[in-house]
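Here is a note for a colleague who is opening this structure for the first time. The points below are meant to be read with the structure in view.

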Amino acid sequence: MTHLKSKLLAVAFLGVTGCATVQAPPVQFPAIAEPPTQEHHAGKVIFVELVTPDLGDAKRFYGGLFGWTFRDVQGGTRRYATALVDGRPVAGIFERALPETERRRPAWLTYLSTRDVDGATQLAAKEGAKVLFEPHNLPDRGREAVLADPQGAVFALLTSSTGDPPDVLAALGEWIWSSLITFDPAVDATFYKSLFDYEVFDLPADRNVTHLMLASDGYARASANSTPAGATGVHPHWLNYVRVEDAAAMAIKVVALGGKVLVEPRVDRHGGKLAVVADPSGAVFGLLEWTDSQTKEVTQ
Amino acid sequence: MRTRLWLAFAFTAGAFTLLSTGCAVGVGGGYGYEGPGYYEAYGPGPVVYGGGWAPGYRVGPVRGGGGPEFHGGAPRGGGGSAPHPVPSIPSGPRGGGGGHR
């Protein structure tokens, strides 16, 4: 009888592990450009993706804040949704439980465009980056890899199979800007320049801080900034901004929806306001005003 | 004896199955795989900006046609390229191509 129980236990264990493998196919991550563009803009931030413990909460927050709509993507036990603005993909949201024992936080992952993920990954590793996820294919999306730059900021490389989103003004609710907050912007600018052949501009800034502009194809793609004073414990990271009409009003809305304001709305380089906020799960992102008017001058 | 062999086989095979699907693989710096074919982008800790950013701390893009401070600056490592204004973000309308550098 004991033998029989043991055999049943063993068979059950094999069955459970085998079923887990069979019944949880990976999510089929969708294309990032709809309709396809077949454009490629090296060094452009072309997609962002959130990993968060509760997809429903994230939908309520971002849908309520920006009016994003969502398209669920089936993938076995995995839950993933594409966020849309006017039917265009703007982000991906992936659900994964975050055990309380883990000292980690939900975060937005920044995808930078490259024509050659493998070559860029090799070059990045040679220049001091850490490869966190080797180049791999995702059937509908393209080829991607995930790395940490030489100072630790995590980013992804992507060759989109449907091309990159076009170089047009971001609509309200779409991502419009990205900043790399890092210990030594010059070191990181050199690193990213080696990958994307950026032009790097040194902008006027306060003493002890650096503000570099990274450009490609004649467009500003991102900034590289010193870690702000007083930001103890902040690790290098990419910070992405959604275009909004009124940053102050949106910051209030963030709080009403359960998020937090980390940097109060303030006027920045472009003459409009920006703010830095966190969603209820702690994922950080920015809000940036940008008017269509070309007559608005830069203010200090 | 046979029972022990059975159990050893089952747990070895089960553990191998779990590991081979990536369920228990961790990779560097607080980040790791979430399973076959996907990367888990959780960050290593909370972002704290220590009460905000100083008034002169700026991260945003410039506007095309902005002030003189943005003109004439040769890009770093430009290889002798002529000085030119710091470019702005794309501002062309959707469907009309990019615009305003």
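1. Is Ala251(A) buried or exposed, and at what relative accessibility? In this predicted model, Ala251(A) has a relative accessibility of 5%, and because buried means under 20%, Ala251(A) counts as buried. The residue belongs to helix H5 of chain A, and, when residues up to four places away in sequence are not counted, Ala251(A) touches Val261(A), Pro265(A) and Leu287(A). Between the C-alpha atoms of Ala251(A) and Val263(A), which are twelve residues apart along the chain, the separation is 9.5 Å.

2. The setting of Ala251(A) can be read from its helix. Helix H5 of chain A spans residues 247–256, and its buried residues are Ala247(A), Met250(A), Ala251(A) and Val254(A). These cover an arc of only 105° around the axis, which puts them on the same side of H5(A). An α-helix has 3.6 residues a turn, so residues three or four places apart point the same way. On the face of H5(A) that is turned away from the buried side, one finds the exposed residues Ile252(A) and Ala256(A).

3. What do the buried residues of H5(A) pack against? Their partners in chain A are helix H2 (55–66) together with strand E13 (237–244), strand E14 (260–267), strand E15 (273–278) and strand E16 (284–289).

4. Strand E16 of chain A deserves a separate look through Gly286(A), which lies in that strand. Gly286(A) has 0% relative accessibility and therefore counts as buried. Leaving aside neighbours within four places in sequence, Gly286(A) is in contact with Leu239(A), Asn240(A), Tyr241(A) and Val242(A), as well as with Ala275(A) and Val276(A). With Leu239(A) the separation is 47 residues in sequence, while the C-alpha to C-alpha distance in space is 6.8 Å.

5. For chain A as a whole, the secondary structure consists of five helices and 16 strands, and buried residues make up 56% of its 300 residues. Of the contacts in chain A between residues at least 6 apart in sequence, 64% join residues at least 24 apart. The accessible surface of chain A is about 12,100 Å², and carbon and sulfur atoms account for 55% of that surface.

6. Chain B can be described in the same terms. It has one helix and three strands, and from the N terminus on these elements run α-β-β-β. Of the 101 residues in chain B, 42% are buried, and 14% of the contacts with a separation of 6 or more are between residues 24 or more positions apart. The accessible surface of chain B comes to about 5,000 Å², with 66% of it belonging to carbon and sulfur atoms.

7. Where does the largest pocket have its centre, in terms of the lining residues that lie nearest to it? Among the 35 residues of the lining, those nearest the centre are Lys44(A), Val45(A), Pro165(A), Pro166(A) and Trp175(A). The space in this pocket is about 680 Å³. At least two lining residues come from each of four strands of chain A, namely strand E1 (45–52), strand E4 (88–95), strand E9 (175–182) and strand E12 (219–226). Sorted by class, the lining has 20 nonpolar, seven polar and eight charged residues.

How values were computed: Residues are numbered from 1 along each chain as its sequence is written. Chains are lettered from A and ligands numbered from 1 in the order in which they are written. This is a predicted model: local features need pLDDT of at least 70, side-chain atom pairs count only at pLDDT 80 or more; totals for chains, interfaces and linings use all residues. Side-chain values use heavy atoms; hydrogens and water are left out. On a 1 Å grid over the protein atoms alone, a cavity is a set of points where a 1.4 Å probe fits but cannot get out, and a pocket is an open set with protein on both sides within 12 Å along at least five of seven lines; lining residues have an atom within 4 Å of a point. Grid points are joined across faces, edges and corners, and a volume is the space filled by probe spheres set on the points. Ala, Val, Leu, Ile, Met, Phe, Trp, Tyr, Cys and Pro count as nonpolar, Asp, Glu, Lys and Arg as charged, and the others, Gly among them, as polar. Buried means under 20% relative accessible area, exposed over 50%, partly exposed in between (1.4 Å probe, protein chains only). Contact means heavy atoms within 4.5 Å. Accessible areas come from the Shrake-Rupley method with a 1.4 Å probe; for residues, only the protein chains shown count as cover. The arc is that of the directions from the helix axis to the C-beta atoms.
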